[in-house]
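Colleague: I am new to this structure, and I would like to understand the terms used for it before I rely on them. Could we look at it together?

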Amino acid sequence: GDLWSEAMQLPHQDLPMHLLYQRSGVFQEDHLPVPDASWRSTIATDFNGDGVLDLLLTRAAASPALLLSTGCTSNTWIEIEGAPGSKVQLQTDQGTWTGWIQTDSSYSSARPPILHLGLGQSHEIQSLNVYLPGGEFLSSSLNFAPNRRLKIQPSAR
């Protein structure tokens, strides 16, 4: 975003929103289908529950823009909802994935504490390990299919 705001009385300069993505190992740039504006933050999360991340874009002096995915992937995924700061490791038939549950997204924004992992062509999750911030370790070696959201809760003490 630019520095424009009515309160600061700086020159108004609307800017286009660009998307940088990777295809076949090469970064490419595209324009997003939103009007030029004084953009502030971006939140990537699955708002419509189809397994593909959507984008919520906020502006300085206008309502936000929500770009919903259209379920445009044949790849599998998993979402883990739990305590922020938790480390998640899972083993699939295609490899090992590691991620952290976080609520930070971009400048001046937050998202739900949900880790979204794209799993490519994996069709079976063989194990799931979660390391909670307080030191508790949760593990499952049950085989289960991807394309779902799991909620992880620490044990009652």
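Modeller: What follows takes the chain, a residue, the cores and a pocket in turn. This is a predicted model, in which local features need pLDDT of at least 70, side-chain atom pairs count only at pLDDT 80 or more, and totals for chains, interfaces and linings use all residues. Residues are numbered from 1 along each chain as its sequence is written, and side-chain values use heavy atoms, with hydrogens and water left out.

Colleague: How many helices and strands does the protein chain have?

Modeller: The protein chain has zero helices and twelve strands, where helices (H or I, at least four residues) and strands (E, at least two) are DSSP runs numbered from the N terminus.

Colleague: Why is Ser 41 called buried?

Modeller: Buried means under 20% relative accessible area, exposed over 50% and partly exposed in between, with a 1.4 Å probe and protein chains only; Ser 41 has 3% relative accessibility, and therefore counts as buried. This residue is found in strand E3 (residues 39-45), and 32% of the 157 residues of the protein chain count as buried.

Colleague: What makes the pair of Ser 41 and Thr 58 a polar contact?

Modeller: A polar contact is a pair of N or O atoms within 3.5 Å, where, within protein, one must be able to donate a hydrogen and the other to accept it, and residues adjacent in sequence count only if both atoms are side-chain atoms. The side chains of Ser 41 and Thr 58 make such a contact at 2.6 Å.

Colleague: Which residues of the largest nonpolar core touch the most other members?

Modeller: Such a core is a set of buried Ala, Val, Leu, Ile, Met, Phe, Trp, Tyr and Cys residues joined through side-chain atoms within 4.5 Å. Of the 14 residues in the largest one, Ile 78, Ile 80, Val 88, Leu 90 and Leu 128 touch the most other members. A second, separate core of nine residues includes Val 34, Ala 37, Trp 39 and Leu 57.

Colleague: What volume does the largest pocket have, and what makes it a pocket?

Modeller: Its volume is about 670 Å³. On a 1 Å grid over the protein atoms alone, a pocket is an open set of points where a 1.4 Å probe fits, with protein on both sides within 12 Å along at least five of seven lines, and lining residues have an atom within 4 Å of a point. Of the 24 lining residues, the closest to the centre are Leu 19, Tyr 21, Val 52, Leu 53 and Cys 72, while E1 gives the most to the lining, with five residues.

Key:
Grid points are joined across faces, edges and corners, and a volume is the space filled by probe spheres set on the points.
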